[in-house]
Amino acid sequence: MLKIIQSLKHSFPLWRYFFWDLPFWAIGWRSRRRWLRMQSTLKNDAFAFKNSLQAFYANKDDVIDIDDAVNKALLIRAIRNSDAYACLNMSKKNLAKNFSISGFEHLQNALGLNRPIILLTAHMGSFYTIAIALAQLGIRIDPVARIVDDSQYNPLPQQYFEHSNYFLTQTKMQGRYVYTNNTNKIDRHIITACKNNGILLVLPDIPRKFIPTNRFPVQLFGKKASLPTRIIDLGIKYNALFITLWSTIEFKSDYSFKRHLRIDPGIYTADKKVILQNYADRLSSIVCQEPWQWMGTAIINQYDEETA
């Protein structure tokens with residue numbers, strides 16, 4: 001309790017953001033005044049995102065309004081965070097109100113093949129709600145998620161929020177989170193899911209800094225990069241089918257929004273190089289079009305291994 005009281009004194013804006021502004025945002029109490037306050041709380045993220053974009057586009061012919069991209073990125077982050085609360089009102093009855101889904105036939109085709117399925121996505125848009133949306137269609141998915149960092153380097157209000165987010169979103173899934181700490185150790189449930197023709201949701205868009213070993217080289221954004229391979233290797237071993245899917249957020253000037261879940265055709269091969277390069281190419285395409293959707297844009301230089 002003393003730790004919380006001390007944190008409230010030093011980190012009050014974060015407590016207010018996570019446990020006051022976000023719940024009200026989730027139920028539709030959105031105003032410019034609230035949004036400006038939330039923006040102020042996220043100013044450090046805005047600074048990192050802007051610096052990253054400026055460096056990324058410095059030697060490119062592409063023209064982008066960086067300030068607009070930063071504002072969009074902050075709004076998407078707020079929407080994604082507010083989904084920890086908004087998910088409680090998600091049901092099959094209001095599925096169309098909360099989500100638009102395209103390419104669902106690709107997943108349906110895969111379900112008929114009696115094979116494990118590994119859905120490859122990214123830290124993009126409203127990725128926490130992918131398993132929730134598909135649960136409303138009767139599909140059980142187990143997302144592979146990183147455990148909460150409970151160290152002193154992660155602010156206490158964020159720790160509490162991340163634990164709450166996992167707890168609340170899992171109540172709306174048919175499956176459950178499978179936690180990893182990004183080490184070489186594999187949770188046995190991942191193997192069980194593969195053996196039982198289950199569906200795993202995996203986010204491989206993690207730079208070398210966080211997972212330094214068991215990686216495979218790819219071209220990402222036209223640069224030399226690499227992606228982690230442990231779960232990919234397991235999927236290949238158990239004859240899994242790999243499908244990429246992406247959850248993005250489309251919003252309007254009045255702060256209304258809709259989540260868009262896009263499912264791509266399956267990657268019908270057991271060739272790890274082809275699987276990961278397909279994933280990298282599709283991720284690159286979306287990020288180049290809408291860099292504000294991807295959390296990794298704020299650290300995009302960490303994916304470039306050409307100068308490493």
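**Close-up 1. Contacts of Leu 107 in the predicted model.** Leu 107 touches Ile 117, Leu 119, Leu 134, Ile 139, Ile 243 and Ile 263. Neighbours within four places in sequence are left out of that list. Leu 107 also belongs to the largest nonpolar core, a set of 96 residues. Leu 107, Leu 119, Leu 134, Leu 283 and Trp 294 are the members that touch the most others. Helix H4 gives this core its largest share, 12 residues. In soluble globular proteins, nonpolar side chains tend to be buried together.

**Close-up 2. Helix H3, residues 43-56.** What length should 14 residues of helix span? At 1.5 Å a residue, H3 should span 20 Å. Ala 46, Phe 49, Ser 52, Leu 53 and Phe 56 are the buried residues of H3. Seen down the helix axis, these buried residues fall within an arc of 135 degrees, so they line one face of H3. Helix H4 (66-86) is part of what covers them. The other side of H3 carries exposed residues: Lys 43, Asn 44, Phe 47 and Ala 55.

**Close-up 3. Gln 302, in the segment after helix H11.** Helix H11 spans residues 272-289. Is Gln 302 buried or partly exposed? Its relative accessibility is 24%, so Gln 302 counts as partly exposed. Gln 302 touches Pro 207, Lys 209 and Phe 210, not counting residues up to four places away in sequence. Gln 302 and Ser 52 are 250 residues apart in sequence. In space, their C-alpha atoms are 10.0 Å apart.

**Close-up 4. Ser 247 in strand E8.** Strand E8 runs over residues 241-251. Ser 247 has a relative accessible area of 2%, so the residue is buried. Which backbone atom does the side chain of Ser 247 reach? It is the backbone oxygen of Ser 126, at 3.2 Å. Ser 126 is also among the contacts of Ser 247, alongside Met 124, Gly 125, Phe 127, Thr 129 and Ile 130. His 260 and Leu 261 touch Ser 247 too. Residues up to four places away in sequence are not counted here.

**Close-up 5. Helix H9, residues 188-195.** Buried residues in H9 are His 189, Ile 190, Ile 191, Ala 193 and Cys 194. What do they pack against? Their partners are strand E3 (142-146), strand E4 (178-180), strand E5 (199-202) and helix H10 (230-237). Asn 197 follows H9, and its phi is positive, near 55 degrees.

**Close-up 6. The hairpin of strands E6 and E7.** Strand E6 covers residues 215-220, and strand E7 covers residues 223-228. In what sense do E6 and E7 pair, and over how many bridges? The pairing is antiparallel, over six bridges. Pro 217 has Ser 226 of E7 as its bridge partner. Arg 215 is bridged to Pro 228, also in E7. Two residues lie between the strands. Phe 221, in the turn, has a positive phi of about 55 degrees.

Methods
Residues numbered from 1 in each chain as written. Predicted model: local features only at pLDDT ≥ 70, side-chain atom pairs only at ≥ 80, totals over all residues. Heavy atoms only, no water. Helix = DSSP H or I, 4+ residues; strand = E, 2+ residues; numbered from the N terminus. Buried < 20%, exposed > 50% of the residue type's maximum accessible area, 1.4 Å probe, protein only. Polar contact = N/O pair within 3.5 Å; in protein donor to acceptor, adjacent residues only side chain to side chain. Contact = heavy atoms within 4.5 Å. Expected span 1.5 Å × (residues − 1). Arc of directions from axis to C-beta. Pairing = 2+ DSSP bridges. Core = buried A, V, L, I, M, F, W, Y, C linked by side-chain atoms within 4.5 Å.
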